[in-house]
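I wrote down what I looked up, in the order I looked.

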Amino acid sequence: MGSISMTRMIMPSCYPKKNFHLQDSKMDVNGVFNDENDTPFSSVWTASESEGSRFHTPPEMRTPEIKGKGKGEIKSYGSEGEEGGIHGDVVYSSWHPTDKKRVVKPIAVHGKISDVTQTKLSESDPKRFKLRIGPDYPSNRRKAPSPPALYNLRAVDMITSNHKITHIARFFDRSKIELNEEEDAMEGEIINGIPRYFIVTYMLPSYAPSMSLFKPVTDGHGFTVIFFFVLSKRGLEASIQKTGAYRVLRRFCARDPDVSDKQRGPNLWKNVVSVANLKDVGLSFYLMKYINGYNAKPWLSRNADMFKFKGKDYYEVDLDIHVYNYLGLNVIYRLKPYLSKLVFDVGFTVQSEKDDEMPETLLGCGRLTHINYEKDCTVVNWDEYDEKERAAAAADANGDANPK
């Protein structure tokens, strides 16, 4: 027992503790939208007041109602909604949402790279990230700058709350996102088996880490950084050519979000975080040495420290930093005074293993510049919001159309 506990304390931050507490993930919410114009993944990012307490996906973004109970089932539709919609080398389809929680009140968050945050939260150059290349990576261990990412960063934001918030896509109005017709895939929901939208969040604690080995604190006040990606024209072309990076991503997305790590197989979620100006901010010797050991080095996330959700047109990965080991969390906590001086490049991908999956390619990436979570984040009262969502679900279950 003691040796296991000690191992957890000395392992790097990519080795998480088990997640014992997550208020949001245990919500017993059975109510979903019933109106024919409503969808269970409706969102609230910058939603207008005229939309009221229910939010709709615009007609041009909807697909016909999908019948069936299976998670992750795929059906294809053509431009008019008929099944089997194949346009040349592109197959359009939809997923069944895997998490049907009702939204009752909007959370005011940006939903685009706004004038206020664009200097702090922005796109990054994929070439900054060195990823695996073949042939025979297990032997040669060679890496090279990533090819262009499969997805483009089109919205970024930060929120702060007293508890962790998962499945952030429930609150995101995709109709508000400003797309680039020359660079982004402009139609479809699930395109050749991969989603048009990809949402990635980092849930970061702002409280001091707990040294308790028996009751670790794994939830509390913190902030969440949100990256919202849209399939790029390059990604669309990769799906048509069936490149290795595309096939790895499709295999990852095809799995049920709740599948075990063992069943998921070797293609696991990979993160890369690089501090671009590490030598310029005057870090202590301890912090400098620790960060240098892991700076720009990829690490894998598994079920213990991540949550995954599917919607009709998106896949979301939530990375739970709250459950990391004490040493890693202590470094994050000690970095708080320096955050407003640091520049982070953050990238995501699914790990490639075989020669025919190489070169490993970024899914997407972004840059965080001089962030200050105490001033730059939108404050969300999740306790109040959670209570209202539970009440609405209970009212739906009881057939009450007007819950108080």
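Strands here are DSSP runs of E of at least two residues, and helices are runs of H or I of at least four, both numbered from the N terminus. The model is a predicted one.

**Cis peptides.** I went through the omega angles. The bond from Met358 to Pro359 is cis, with omega about -5°. I placed Pro359 in the loop that runs between β16 (343-350) and β17. I also noted a cis bond from Gly134 to Pro135, where omega is near -5°. Pro135 sits in the loop between β5 (130-132) and α2 (137-140).

**Positive phi.** I then looked for positive phi in residues other than glycine. Asp136 has phi near 55°, and this residue belongs to the loop between β5 and α2. Asn192 has phi near 50° and lies in the loop between β8 (190-191) and β9 (194-195). Is Asn192 buried or exposed? I found a relative accessible area of 5% for Asn192, so this residue is buried. Asp136 comes out at 38% relative accessibility and therefore counts as partly exposed.

**Sheet.** I traced the open sheet of five strands and wrote its order as β4-β17-β16-β12-β13, with antiparallel pairing. Which strands are at the edges? They are β4 (121-122) and β13 (299-301), each of which pairs on one side only. Leu121 has Leu368 in β17 as its bridge partner.

I turned to the buried nonpolar residues next. Nonpolar side chains tend to be buried together in soluble globular proteins. The largest core holds 61 residues, and the members that touch the most others are Phe198, Phe227 and Trp269. Helix α4 (residues 244-254) gives this core its largest share, six residues. A further core lies apart from it; this one has 17 residues, including Phe228, Tyr314, Val380 and Trp382.

I listed the contacts of Phe198, leaving out residues up to four places away in sequence.

**Cysteines.** How many disulfides does a search of the whole structure find? The count is zero.

**Asn325.** My last entry concerns a loop residue. Asn325 is in the loop between β15 (314-320) and α7 (326-334). At 1% relative accessibility, I put Asn325 down as buried. Which backbone nitrogens lie 3.0 Å from a polar atom of its side chain? I found the backbone nitrogen of Leu327 at 3.0 Å from a polar atom of the Asn325 side chain. The backbone nitrogen of Gly328 is likewise 3.0 Å from a polar side-chain atom of Asn325.

Note on methods
Residues numbered from 1 in each chain as written. Predicted model: local features only at pLDDT ≥ 70, side-chain atom pairs only at ≥ 80, totals over all residues. Heavy atoms only, no water. Disulfide = S-S within 2.5 Å. Buried < 20%, exposed > 50% of the residue type's maximum accessible area, 1.4 Å probe, protein only. Polar contact = N/O pair within 3.5 Å; in protein donor to acceptor, adjacent residues only side chain to side chain. Core = buried A, V, L, I, M, F, W, Y, C linked by side-chain atoms within 4.5 Å. Contact = heavy atoms within 4.5 Å. Pairing = 2+ DSSP bridges.
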